[in-house]
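Me: I would like to learn how to read a few features of a protein model, one at a time. Could you take me through them slowly, with the general idea before each case?

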Amino acid sequence: MTLRPRPPERLEKTLARVARDQGLDQERLRRWVSFLGICGVLERATVEGLLAGYYLKGGVAMELRFAQRARATKDLDLVLDCDRRTRLRSLEQALRLGFDQFSFRLKGQVHEIDLADTVSVEVAIQHRSRAWQTVEVDLGPTSTTTIDLVEPAIAGLHEMGVPVTSPVRCINLSEQVAQKLHACTAPNTSLTRARDVLDILLIETLGQLDYTAALVSARRDFRERATHDFPPQFVVPPTWRPELEAVAEQLGFPVFAARDIERMFQETIQRIATSA
């Protein structure tokens, strides 16, 4: 009797097993697979000439660099090398290429965030013929930002048999520090910017903060945006305190109290400002 070959294990089942074996959060591992799948199709589109280029920024760039040591994020901040009018169409054309056994399509409504010159869309992802996940993608404006080629630090992907896109194009780390520093110290900044403080402190704690390069980027960024002076004055807004303390504890920071985080961040700003 001829035995039929066993069908391949469903990716959802493999993910659950690997997450359990390695002590990973299952939903976070799923998002990492989604993020790198999108990177794979963007890289393919760039190689085949459909895109002039791309890079990641925001929380996803932090996660791909630092994995579990970074805070978790649910959306993907993406920059395509094209103008605003063609940004969405370029993404849609790139996604049609697919990557490995993943396919992608845009779904739902398109949301335009005019103040940030950003278009927010949902990307539905399938693995083989099964729905995998929907990821919110924020398409931001192009800039003169340099990029780093980052080897993803994500665990569990090889064990899942998922192809790892490597390297991934991410915003230069010093420029990311400068942008976050401007955003979290700007007048009337939003509640969500509290996390930028912890992102910068994490980069410094891990020994990855190049003070001199960050100074050059910060001076340029503050000058171009012209909303407030560099070096900025920083005081933790009262509405930020609960989130700062909760996220700092989740990330295993050496201090959890908002007043201590404020002091640490003021010292970090001073080290950047005097590095020249």
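Me: Where does R128 lie, and what is the value of its phi?

Reply: Most residues other than glycine have a negative phi, and most peptide bonds are trans. In this predicted model, R128 lies in the loop between β4 (118-127) and β5 (130-140), and its phi is near 55 degrees, a positive value in a residue other than glycine. R128 counts as partly exposed because its relative accessibility is 38%. A226 also has a positive phi, of about 55 degrees, although it is not a glycine; A226 is found in the loop between α8 and α9 and is exposed, with a relative accessible area of 61%.

Me: Which residues does a cis peptide bond join in the loop that holds P231, and what is omega there?

Reply: The general idea is again that most peptide bonds are trans. Here a cis peptide bond joins F230 and P231, with omega at about 0 degrees, and P231 has its place in the loop between α8 (211-225) and α9. A cis peptide bond also joins S166 and P167, where omega is about -5 degrees, and P167 lies in the loop between α5 (157-160) and β7 (168-171).

Me: How should I read two helices that pack together, and at what angle do α9 and α10 cross?

Reply: Two packed helices are described by the angle between their axes and the distance between the axes. For α9 (residues 241-250) and α10, the axes come within 9 Å and cross at roughly 85 degrees, which makes α9 roughly perpendicular to α10. In this contact, R241, L244, E245 and A248 of α9 meet A258, R259 and I261 of α10, and by class there are 4 nonpolar, no polar and 3 charged residues.

Me: Which residues make the contact of α6 with α10?

Reply: The axes of α6 (residues 173-185) and α10 (residues 258-273) come within 13 Å and cross at roughly 130 degrees, which makes α6 oblique to α10. The contact is made by V177, L181, C184 and T185 of α6 together with F265, I269 and I272 of α10, and by class it has 6 nonpolar, 1 polar and no charged residues.

Me: How many aromatic pairs does a search of the whole structure find?

Reply: Such a search finds 3 aromatic pairs. The rings of F222 and F230 have centres 5.3 Å apart and planes at 65 degrees, so this pair is edge-to-face, and F222 counts as buried at 4% relative accessibility. F234 and W240 form a tilted pair, 6.3 Å centre to centre with 45 degrees between the planes, and both F234 and W240 are buried. F234, W240 and F265 form one aromatic cluster, and F265 also takes part in the contact between α6 and α10.

Notes
Residues are numbered from 1 along each chain as its sequence is written. This is a predicted model: local features need pLDDT of at least 70, side-chain atom pairs count only at pLDDT 80 or more; totals for chains, interfaces and linings use all residues. Side-chain values use heavy atoms; hydrogens and water are left out. Axes are lines fitted to C-alpha atoms, for helices over the stretch in contact, and angles run from 0 to 180 degrees between N-to-C directions. Helices (H or I, at least four residues) and strands (E, at least two) are DSSP runs, numbered from the N terminus. Angles under 35 degrees count as roughly parallel, over 145 as roughly antiparallel, 65 to 115 as roughly perpendicular and the rest as oblique. Contact means heavy atoms within 4.5 Å. Ala, Val, Leu, Ile, Met, Phe, Trp, Tyr, Cys and Pro count as nonpolar, Asp, Glu, Lys and Arg as charged, and the others, Gly among them, as polar. Rings of Phe, Tyr and Trp (its six-membered ring) pair if their centres lie within 6.5 Å; planes under 30 degrees apart count as stacked, over 60 as edge-to-face and the rest as tilted. Buried means under 20% relative accessible area, exposed over 50%, partly exposed in between (1.4 Å probe, protein chains only).
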